[in-house]
Amino acid sequence: MNEPNFLPEDAFPGNDDPPRKKPSPTDEAKSARFRTRLTIVLAVLILVPSMYGFVGKFYEFVRIYRGDWEGSFAIAPMLNYLLASGGFLCLFFWATANRMFHDIEEPKHAMLDNEQRLDQQLGGKP
Amino acid sequence: MTSDVKPLLPRHDDLVNERLVAWYFLAALTFLTVSMLAGLLVALQLIRANPLDGVELLSPARWRMVHTNAIAYGFLANAFLGCLHWAIPRLTLRPVASVALSYFIFSAWQFVVVCTAAGIILGPSFQAQDWVAELASQFHISMSLGAQGVEWGETPFWIDPVAQLGLLLVAINFMTPIVRQRGPMYVSLWYFMAAFVWTFLTYGMGNFMPEYVVGGVSGGAVGGLFIHDLVGLFVTPLGWGLMYYFVPIMLKRPIWSHGLSLVGFWGLAFFYPLQGIHHFLYTPIPMFLQYGAIISTIAVELVVTTVVINFIGTIWGDGEVLKKNLPIRWFYCGMIYYFITCFQCALQVTLTFQKLIHFTDWVVGHAHLVMFGVFSMWIFGIMTYLFPRLIGRDWYSRKLCEIHFWFSAVGVFIMFLDLGLAGVFQGYYWASLAPWDVSVTGSQSFWVVRAFAGLMMFSGTLCFLVNLYLTWRGPVRELNPDIDVAPALA
């Protein structure tokens, strides 16, 4: 029944696999352009409406606070949302100011590189 | 010369406490087994085949809550904590704040989960005693020893402060290495950091506000936020963060677009907290809040799309790996289920759809696909990857690993389809104003299928447990040579 070593060979390919075919510089550049465009389009599609949602909630909160009786009991859940989102809005501005999004693709390479080097301590195979 | 020389990294053993990770995983699997047994018991009750009928302490109403709480706080929370003890030190190259604190949190968390189960099972029986009522009236204090009346927040009121303190300690222990990190952070760390803050706030909001601060409709609205935020702001960021960590290292290629992953993160941060009220449509909660929740739920589908695009982009051109790499198969299967469940969510939160499926088994099917089909499957993938390393042995049997995958993946999908269909039938029964019993009788065949699907999933889990035991008994794998390392960064 014992089937030794199936995972290192099968489940964790890469260490002994032949290197993948490297894309040409033209393909690489095309791919990077596509990636950037798609990221920008989705960023606009997602972040603009979400900011609208945040501002809208804030407006509703102010309106209710000023005496719109119909929704006065909704203050508690809205306050919760505004507290959490407000904190993350501040974090977003802090991160931008601290250049956390500068060279935005670099962390993925650094992470992978560190992981591979940490695994080399165990002979390259988990 | 110096520019090409990479700084030495700390030793893995100085960063990660593997024993603790293994303990967390074992605790998680123990609670998973309890939870699945409780689920089976409830499934048998519904088809009138409960073998423990008449045993008060094992009544389905109590075990149903043990089922949900054991999966959320026993299995998922323990498994996530184990994974975080692996991922965060390796991502930050710094150990957690304190290993002693880690062990304390581990023990305290098991205490919280066991007390929750004890409160749910024994609480109602104690509460029926005269001396408890006397004490309550003498000291003018609440003596609801059993479940708290908050959905997903059934942890008894007396254990809530301990759980809240535990979450604070978890945040301190893991945030310490993260905040010491300099320069741009990898997306997983953004997700983890957010999860620590959100989980702490969400737990406090859901367990304390409806109990002590706000009541009535407002309390209901807070309860709605809590139910959904528990999934969206505790489980989702940890699950996505771990996927963004494990998938690239297993495929040995970077994530397709780090920028896109950050768009997804910030989208989740601002969209998700708006959604919870969609659990209470057609209630006295003001319509502008209900509409806001519906629209943001539909909008979050875009956020999910960023994740799906990113992971498909990462594996693009290397699909063969899904055949032979089991952990990756767990991850991608879970991701497909995630997309299905989110797509379903975008449909089912519309007022038209809610009219039909509210309170039906449709919702139960949806919840199972999310909790088991997505997050549990991701955790199974991580465990399949990490266990050989944690115990220094190769898996005993690939067949048993494969059976675990197929029984889980197929079983949960059958349950999802079956309960979805049952929900539609139930909705139409109720809309036709037929007597309640008619809908119960009509649901029987669906509930039989559900019991078999549950058995299938449980059998898969048993295979995993047997395989783990046989692996643990097997020969230790020889590991490796010394290479230059640096001390772990403080």
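A residue counts as buried if 20 or more other C-beta atoms lie within 10 Å of its own. V112(B) has 22 C-beta neighbours inside 10 Å, so V112(B) is buried. The model described here is predicted. Chain B holds 16 helices and zero strands, and chain A averages a pLDDT of 72.

**Confidence in chain A**

- In chain A, 70% of the residues score a pLDDT of at least 70.
- Among the elements of chain A, helix 4 has the highest mean pLDDT, 91, whereas helix 1 (residues 6–11) has the lowest, 43.
- The pLDDT is below 50 over residues 1–17 of chain A, and this stretch makes 29 contacts in the model beyond near neighbours in sequence.
- Where pLDDT is low, the predicted coordinates should not be read in detail.

- Helix 4 of chain A covers residues 106–120. At 1.5 Å a residue, its 15 residues should span 21 Å, and the end C-alpha atoms are 22 Å apart, which agrees.
- The buried residues in this helix are P107(A), K108(A), M111(A) and L118(A).
- These residues cover an arc of only 100° around the axis, so they sit on the same side of helix 4 of chain A.
- An α-helix has 3.6 residues a turn, so residues three or four places apart point the same way.

**Overall form of chain B**

- The radius of gyration of chain B is 23 Å, close to the 23 Å that the globule rule gives for 490 residues, so chain B is as compact as a globular protein of that length.
- Taken along the principal axes, the C-alpha atoms of chain B fill a box of roughly 80 × 55 × 50 Å.
- Of the 490 residues in chain B, 53% are buried.
- Among contacts in chain B between residues at least 6 apart in sequence, 82% join residues at least 24 apart.

**Nonpolar core**

- The largest nonpolar core has 164 residues, and F192(B) and W378(B) touch the most other members.
- Helix 8 of chain B supplies the largest share of this core, 21 residues.
- Leaving aside neighbours within four places in sequence, W378(B) is in contact with G239(B), L242(B), M243(B), W330(B), F331(B) and G334(B).

- Helix 6 of chain B covers residues 160–179. Its 20 residues should span 28 Å at 1.5 Å a residue, and its end C-alpha atoms are 28 Å apart, which agrees.
- Its buried residues are D160(B), A163(B), G166(B), L167(B), V170(B), N173(B), F174(B) and P177(B).
- The cover over the buried residues of helix 6 of chain B includes helix 3, helix 4 (99–127) and helix 7 (187–213) of chain B.
- V112(B) is found in helix 4 of chain B. Not counting residues up to four places away in sequence, V112(B) touches I159(B), V162(B), A163(B) and G166(B).
- V112(B) and I159(B) are 47 residues apart along the chain, and their C-alpha atoms are separated by 6.7 Å.

**K324(B)**

- K324(B) lies in helix 11 (residues 321–324) of chain B.
- K324(B) counts as partly exposed because it has 13 C-beta neighbours inside 10 Å.

How values were computed
Residues numbered from 1 in each chain as written. Chains lettered and ligands numbered in written order. Predicted model: local features only at pLDDT ≥ 70, side-chain atom pairs only at ≥ 80, totals over all residues. Helix = DSSP H or I, 4+ residues; strand = E, 2+ residues; numbered from the N terminus. Expected span 1.5 Å × (residues − 1). Buried ≥ 20, exposed ≤ 12 C-beta atoms within 10 Å, placed from the backbone. Arc of directions from axis to C-beta. pLDDT = per-residue confidence, 0-100. Contact = placed C-beta atoms within 7 Å. Rg over C-alpha atoms; globule rule 2.2 N^0.38 Å. Core = buried A, V, L, I, M, F, W, Y, C linked by C-beta atoms within 7 Å.
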